[in-house]
Amino acid sequence: MKEGSFVRIEEHPILTFPKDRRKIEFTFEGKKMVGYEGDTIASALIAQGVKVFSYSHKSKRPRGFFCAVGKCSSCLMMVNGIRNVRTCITPLKDGMDIRRNDEDE
């Protein structure tokens, strides 16, 4: 996938996605990105091609999007300086600063 390309579901047999959603700007690891009103943080990151959300503490292996309902720890990230935010259930807001949790803590 090319840098900056979007991966979004445009059509679905059951769900509908409004075409006129407002764009939301945020940063991930210091890089400016764009999501849409109604996105969760995780869905906006996935749409931007981000696949690694965190790393396992013991083996340091990458963790990606997993349960999508806030029950696992794969999507925990630092949002606006607050650690361990469940990004799969947290709505994206304009101006958010999103980073992977510090590995040392």
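Of the 105 residues of the protein, 30% count as buried in this structure, which is a predicted model. The accessible surface comes to about 7,200 Å², and carbon and sulfur atoms account for 53% of that area. Among the contacts that link residues at least 6 apart in sequence, 39% join residues at least 24 apart. The secondary structure consists of 1 helix and 7 strands, arranged along the sequence in the pattern β-β-α-β-β-β-β-β.

The largest nonpolar core comprises 18 residues, and those with the most contacts inside it are Phe 26, Phe 28, Leu 45, Leu 92 and Ile 98. Two or more residues of this core are given by each of the elements β1 (23-28), α1 (41-47) and β5 (76-79), with α1 providing the largest share, 4 residues. When neighbours within four places in sequence are left aside, Leu 45 is in contact with Phe 26, Phe 28, Met 33, Val 50, Phe 53, Met 77 and Ile 98; among these partners, Phe 26, Phe 28 and Ile 98 are also listed with Leu 45 as residues with the most contacts inside the core.

Strand β1 pairs in the antiparallel sense with strand β2 (residues 31-36) over 6 bridges, and Lys 23 has Tyr 36 in β2 as its bridge partner. The two strands form a hairpin with 2 residues between them, and in its turn Glu 29 has a positive phi of about 55°.

Strand β5 pairs with two other strands, β6 and β7. With strand β6 (residues 82-86) the arrangement is antiparallel, and 3 bridges join the two; the hairpin that they form has 2 residues between the strands, with Asn 80 taking a positive phi near 55°. The pairing of β5 with strand β7 (residues 97-100) is likewise antiparallel and extends over 3 bridges. Met 77 takes part in both pairings, its bridge partner being Val 85 in β6 and Arg 100 in β7. In a regular strand, side chains alternate between the two faces of the sheet. In β5 both faces are covered, as Leu 76 and Met 78 on one side and Met 77 and Val 79 on the other are all buried.

Ser 54 lies in strand β3 (residues 54-55). Its relative accessible area is 11%, and Ser 54 is therefore classed as buried, the limit being under 20%. The side chain of Ser 54 reaches the backbone oxygen of Ser 74 at 3.1 Å.

Cys 75 is in no disulfide, although the sulfur of Cys 88, the nearest cysteine sulfur, is 3.7 Å away. Because a disulfide requires the two sulfur atoms to be within 2.5 Å, the separation of 3.7 Å between the sulfur of Cys 88 and that of Cys 75 is too far for a bond.

How values were computed:
Residues are numbered from 1 along each chain as its sequence is written. This is a predicted model: local features need pLDDT of at least 70, side-chain atom pairs count only at pLDDT 80 or more; totals for chains, interfaces and linings use all residues. Side-chain values use heavy atoms; hydrogens and water are left out. Buried means under 20% relative accessible area, exposed over 50%, partly exposed in between (1.4 Å probe, protein chains only). A polar contact is a pair of N or O atoms within 3.5 Å; within protein, one must be able to donate a hydrogen and the other to accept it, and residues adjacent in sequence count only if both atoms are side-chain atoms. Contact means heavy atoms within 4.5 Å. Accessible areas come from the Shrake-Rupley method with a 1.4 Å probe; for residues, only the protein chains shown count as cover. A nonpolar core is a set of buried Ala, Val, Leu, Ile, Met, Phe, Trp, Tyr and Cys residues joined through side-chain atoms within 4.5 Å. Two strands pair if DSSP finds at least two bridges between them.
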